[in-house]
Amino acid sequence: MSTDIIAGKKIILGVTGCIAAYKSAFIIRELVKRKAEVKVVMTPSATEFITPLTLSTLSQNEVIVNTFPSSQKNGTSLSTWHIETALWADLMVIAPCTVNTVAKIAHGFADNALTTLVPALRCPLIISPAADVDMYNNKITQQNIKKLEDTGYYVLQAEEGELASGLRGKGRLPEVDKIIDAVELIVTGFKKDLSGKKILVTAGPTYEDIDPVRFIGNRSSGKMGFEIAKAAYIRGAEVTLISGPSNEVCYPEIKLLKIRSAEEMKKSVEQEFEQTDILIMSAAVADYKPVSASDKKIKKEDKLNSIKLEETADILASLDKKNKIAAGFALETDDELKNASHKLKKKNLDLIVLNSLKDKESGFEFDTNKITIIHKTGKTIELPLMSKFQAAHKILSEILECINS
Ligand SMILES: Cc1cc2nc3c(=O)[nH]c(=O)nc-3n(C[C@H](O)[C@H](O)[C@H](O)COP(=O)(O)O)c2cc1C
């Protein structure tokens, strides 16, 4: 069993007067489901959008709205509640955060319960602003957001899309999953340490067609590659993800290129590689493909009893990896370390991630993985079973070590 990094964490959720305030209910549910302890603080405006009763019921804690407890029926009786609550927390998240609250925090105001908590914090703070497109893109708002980032707060940028006003543009609160991913990042102790880096990730299986109906594929779900792409984005990288057929979903800001065959994967990687700093090849690319694919469905009466195969081209071989970092994956069933180390050398990689199918709850169908990371220097890190998102972070941290060494 892998342990959830969020379990037992003490988290303050700040909610402000945004149309997306209802989404705070889903954030609380997810945090509580993952066994975090959640205390909610709302601005008075937020209570116009969602009731403290709802958030108190979901968080299983009293909700703080007023700075002065005597003026709040359900408030805490402690006189310095703001200091005690701030010191209690492992993390504070403000989601959604209005343009108004962004401005107040950027300028050090402490004129309501939520903004009073912020300067008292000793723990990290995640701010997830959301507003209509013009309010969000407004120059002063953008300056304030930058100020929050420069101060060291983790800002989760709003997403593009349809807004409550009917306008389209940047301003949407990210999906709950992405907010929780940012929580996981920060409670693990990571930060935006990949800012300015361009990362290319490959994921999923490839399908090699036999005829219009059938193909040779493999059991890769793409999950590991998608988690690497998401983890890299949440750590500040610009990410391109080239994926074979997969049902996984990634963040809208990740450039997703869908391919089908090993040949298409090769073409796509070659096109993207030049503008890449780091290549992570987690896709399970077919080693063999049918020499030719029939353009008509092969019928039973055709008595097909063999398919002639040829090797697919090696994607890594043709790439000039000078001044770049390249990481690969090896899935082995026997002589794991020896085979993975051999692949690392043969493909001239900086590191290789070894997946072993011998481990329970590890591999294709699982959300967890047990990996071993081998550097070209020979340094080998054997990790315990963990979520694929956590494993992705470990891989990225080792890649950072390659860059910095
Ligand atoms: C229907 C409605 C929706 C609003 N949605 C947002 C929003 O998404 N983002 C935002 O920054 N302000 C929004 N506002 C404006 C804020 O509620 C207003 O600036 C308020 O003073 C914010 O207070 P607070 O920051 O203390 O929560 C909205 C106002 C209304 C009437």
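View 1. A nitrogen atom of the ligand lies 3.3 Å from a backbone N or O atom of Ile-19, a polar contact (a pair of N or O atoms within 3.5 Å). For Gly-17, a backbone N or O atom is placed 2.7 Å from an oxygen atom of the ligand. The model is predicted: local features need pLDDT of at least 70 and side-chain atom pairs count only at pLDDT 80 or more, whereas totals for chains, interfaces and linings use all residues. Residues are numbered from 1 along each chain as its sequence is written, and side-chain values use heavy atoms, with hydrogens and water left out.

View 2. An N or O atom in the side chain of Thr-98 is 2.5 Å from an oxygen atom of the ligand. Of the 640 Å² of accessible area (Shrake-Rupley method, 1.4 Å probe) that the ligand has on its own, the protein covers 64%.

**View 3. The shell around the ligand.** The ligand is surrounded by 15 residues, each with a heavy atom within 4 Å of it; the closest are Gly-17, Thr-43, Thr-98, Val-99 and Thr-101. The shell comprises 7 nonpolar, 8 polar and no charged residues, with Gly counted as polar. Helix α4 (residues 99-106) gives the most, with 3 residues; helices are DSSP runs of H or I with at least four residues, and strands are runs of E with at least two.

**View 4. A nonpolar surface patch.** Tyr-288, Leu-304, Ile-307 and Leu-309 make a patch of about 370 Å²; members have over 30% relative accessible area and no salt bridge, nonpolar side chains being joined within 5 Å. A salt bridge is a side-chain nitrogen of Lys or Arg within 4 Å of a carboxyl oxygen of Asp or Glu. Leu-309 is in strand β15 (residues 309-311). Leu-309 counts as partly exposed because its relative accessibility is 42%, between the limits for buried (under 20%) and exposed (over 50%).

Technical notes:
Polar contact = N/O pair within 3.5 Å; in protein donor to acceptor, adjacent residues only side chain to side chain. Patch = residues over 30% accessible without salt bridge, like charges linked within 9 Å, V, L, I, M, F, W, Y side chains within 5 Å. Buried < 20%, exposed > 50% of the residue type's maximum accessible area, 1.4 Å probe, protein only.
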